[in-house]
Amino acid sequence: METVTLRRFELADADAMMAWASDPEVTAFMTWEPYESVDSLRAFIRDTVIPHPWFRAICLAGDGDGGATPVGAVSVTPTADRCRAEVAVAVARAHWGKGVATAALRRALAAAFADLDGVERVEALVDVGNAASRRALEKAGFQQEAVLRSYCVVKGQLRDMVIYSFISTDPLVE
């Protein structure tokens, strides 16, 4: 597998991000709909991603372009309770099943605890039917805590969610 790196997004990443942010399979378990225009995606990058405290592009060092093209995104968002943050990850379909999400989650954990003051716990809420994301979290060292029944509506359907956590004293998985 190529080496996974994380970097800040730039407006110039909109076209590369469109390749996976517009894919209905990539966004199937997301609360947001696939993007239909690069202009709306560029506005999202400008207005939400760039000012976000911890939103990173997932890049691959051995992808032939020097590792500059995003193949996914990972974010760690502090909650109203300063000790907690929520992690989310999305990876282009061409890179599914290759450990990219797991590697990105591991790197995000290490950096987020250092970068986000007061965060002691990182949580992930995953659709009970999203086996691949659940497996990536577990491989990254997250622990499953509970199934939250009828927790939220995703794409018009009431869904059960699994909550995972990683706390600052948990050992980082290499």
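Start with the lining of the largest pocket, whose residues divide into 30 nonpolar, 11 polar and seven charged, where Ala, Val, Leu, Ile, Met, Phe, Trp, Tyr, Cys and Pro count as nonpolar, Asp, Glu, Lys and Arg as charged, and the others, Gly among them, as polar. This is a predicted model, in which local features need pLDDT of at least 70 and side-chain atom pairs count only at pLDDT 80 or more, while totals for chains, interfaces and linings use all residues. Residues are numbered from 1 along each chain as its sequence is written, and side-chain values use heavy atoms, with hydrogens and water left out.

The largest pocket holds about 1300 Å³ of space, a volume being the space filled by probe spheres set on grid points that are joined across faces, edges and corners. A pocket is an open set of points on a 1 Å grid over the protein atoms alone, where a 1.4 Å probe fits, with protein on both sides within 12 Å along at least five of seven lines, and lining residues have an atom within 4 Å of a point. Select Met30, Ala88, Val89, Ala90 and Ser133, which are the closest to the pocket's centre of the 48 residues that line it.

Next, colour the strands (DSSP runs of E, at least two residues, numbered from the N terminus, as are helices, H or I, at least four). Seven strands form an open sheet of mixed pairing in the order 1-2-3-4-5-7-6, and two strands pair if DSSP finds at least two bridges between them. Strand 1 (4-8) and strand 6 (143-154) stand at the edges with a single partner strand each, so one side of each is left without a neighbour in the sheet.

Within the sheet, select strand 4 (residues 84-91) and strand 5 (residues 121-127), which run parallel and are joined by three bridges; arginine 84 has arginine 121 of strand 5 as its bridge partner.

Move on to threonine 79, in the loop between strand 3 and strand 4. Threonine 79 is buried, with a relative accessible area of 18%, since buried means under 20%, exposed over 50% and partly exposed in between, with a 1.4 Å probe and protein chains only. Beyond its neighbours within four places in sequence, threonine 79 is in contact (heavy atoms within 4.5 Å) with Arg84, Ala85 and Glu86.

Finish at serine 150 in strand 6, which has a positive phi of about 45° although it is not a glycine. Serine 150 counts as partly exposed, at 44% relative accessibility.
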